[in-house]
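Hi there,

Here is the structure I promised to pass on. Have a look first, and my notes on the helices follow below.

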Amino acid sequence: MKLSHASRWLLAAVIIGDLAGWIVTGATIYARLAYLGIFLMVIAFVWTVLSVSGIHLERNTRTLRASMGDVFEEHYEVKKERWPGCSWLEVLNQSTLPKAAGSRLLTRIVANQLRYYSARTLLIQRGAYLLGPTTLTTGDPFGLFTMKRVIASRDTLIILPMTFPISIFPPPPGLLPGGKAIRQRSLDVTPNAAEVREYVPGDPMKRIHWPSSAHRGQFMVKEFEQDPQSDIWIFLDAYRPVHFSAHSATASYQAENTWLRRPKVTLPKDTFEYAVSAAASLSRFFLTDRRAVGLACAAGKFFVVPCERGERQTNKIMETLAFLQPEGTMPLLEMVTIQSKLLPLGSGVILITTSTRPDFLLALEDLHRRSLRTVVVLIKSETFGGQGETENLTASLQARNIPVCQIGFGDDLGANLRLPARYLQRFIMPEASSKA
């Protein structure tokens, strides 16, 4: 709310005029009017000071984690704990959250009165945003003075990437049942128990092998190997020159039906936002299927989320993706060369990129030499207004029997990410049946 102090300056001019009239004419009426104006200004100032003191504001929310496209709901509680009340109070939400709601103008707040209201904000951009600061502005009933009080932010909201439901997505061919044993120890409990060893203080009780303990007369615990069909690695290309953005990385939404609680939100015209959303959707799909998923991305810094299972891993990958930006200086080939040396044999790799550079095929060959099977998710930059032709690259990938999924601007990610399943049924399944 834009405040005007014209009434204060008008009253000051009246007081000065009355004082001048009293000095020139000596009439007491001018003196009385001047004293009345001064008294009114003093009362207004004291009222404003007392009004701004004793205001208690509390902002509450059910969760500090949400996804793009969700409606974030926040509850405000305002209480005037001391006399006098407030004739008006402006609550200004200065959060960094795009299009943040919560600003209100409250009137006639008496002492010890509790006012509360709710604010709903449509989340259209991933990242971390402070819920505040909040500025409280109030004044006297005559509009002569105003005072502000700033309440610092207390919580941070993390907006996770938008995900799309995927009904089916084929694991890379090397992860099918009957794969190669990895012969590497695992800290997690897997279906592959390798051997037993003596109990060490700190080992969980659930790993004790009771038949061996009874036979040897001491506690023996089981050692596990990594599951040969568990590791799936998602490589997200964040190399700056290969990405294109037509607008800011803020999602758009349709608000034709304003009575709807949740409008339809679409991804912005940004290749990296589509890549991040694809990575988030695939990681959620495989983790829900109880697979072990890892993430590697060179976005400014080299980020690696080790391969694990469970809901905790879902949160780790989603929070990592929430902060990534296309600021990488490392090409995809270099990232694959560094990270592929550390992957177990038989692991599957999903490459998500917009690159049509010649070194992309070199990265695929490097993965093939290390017995790492690959699925490619290719973001078509020409549909976003960028440069690059994906037809020749797609033909080269199909000639190598590498499943490829193409995603353009405006495509449904959930539907397009199902396309490699048809490709595998056409090329991979007949090959497997002929070997059998």
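Please keep in mind that this is a predicted model. I began with helix α4 (residues 271-288) and helix α5 (residues 311-323), which pack at an angle of about 180 degrees with their axes 10 Å apart. Angles over 145 degrees count as roughly antiparallel, so α4 is roughly antiparallel to α5. On the α4 side the contact is made by V276, A279, A280, S283, R284 and L287, and α5 brings Q313, T314, I317, M318 and L321. Sorted by class, the residues of this contact are seven nonpolar, three polar and one charged.

The second pair is helix α7 (residues 359-369) with helix α8 (residues 391-399), packed at an angle of about 20 degrees with axes 11 Å apart. These two are therefore roughly parallel to each other, and their crossing is right-handed. F360, L361 and L364 of α7 meet L393, S396 and L397 of α8. That contact has five nonpolar residues, one polar and no charged ones.

Finally, helix α2 (residues 28-52) has 25 residues and reaches 37 Å from its first C-alpha to its last, close to the 36 Å expected at 1.5 Å a residue. Its buried residues are A31, A34, G37, M41, A44, T48, S51 and V52. What do the buried residues of α2 pack against? Their partners are the helix α1 (6-25) and the strands β1 (55-61), β3 (71-80), β4 (86-93), β8 (134-139) and β9 (146-151). Just after α2, G54 takes a positive phi of about 80 degrees.

Best wishes

Note on methods. Residues are numbered from 1 along each chain as its sequence is written. This is a predicted model: local features need pLDDT of at least 70, side-chain atom pairs count only at pLDDT 80 or more; totals for chains, interfaces and linings use all residues. Side-chain values use heavy atoms; hydrogens and water are left out. Axes are lines fitted to C-alpha atoms, for helices over the stretch in contact, and angles run from 0 to 180 degrees between N-to-C directions. Helices (H or I, at least four residues) and strands (E, at least two) are DSSP runs, numbered from the N terminus. Angles under 35 degrees count as roughly parallel, over 145 as roughly antiparallel, 65 to 115 as roughly perpendicular and the rest as oblique. Contact means heavy atoms within 4.5 Å. Ala, Val, Leu, Ile, Met, Phe, Trp, Tyr, Cys and Pro count as nonpolar, Asp, Glu, Lys and Arg as charged, and the others, Gly among them, as polar. The expected span of a helix is 1.5 Å times one less than its number of residues. Buried means under 20% relative accessible area, exposed over 50%, partly exposed in between (1.4 Å probe, protein chains only). A crossing is left-handed if the near helix is turned anticlockwise from the far one by less than a right angle, and right-handed if clockwise.
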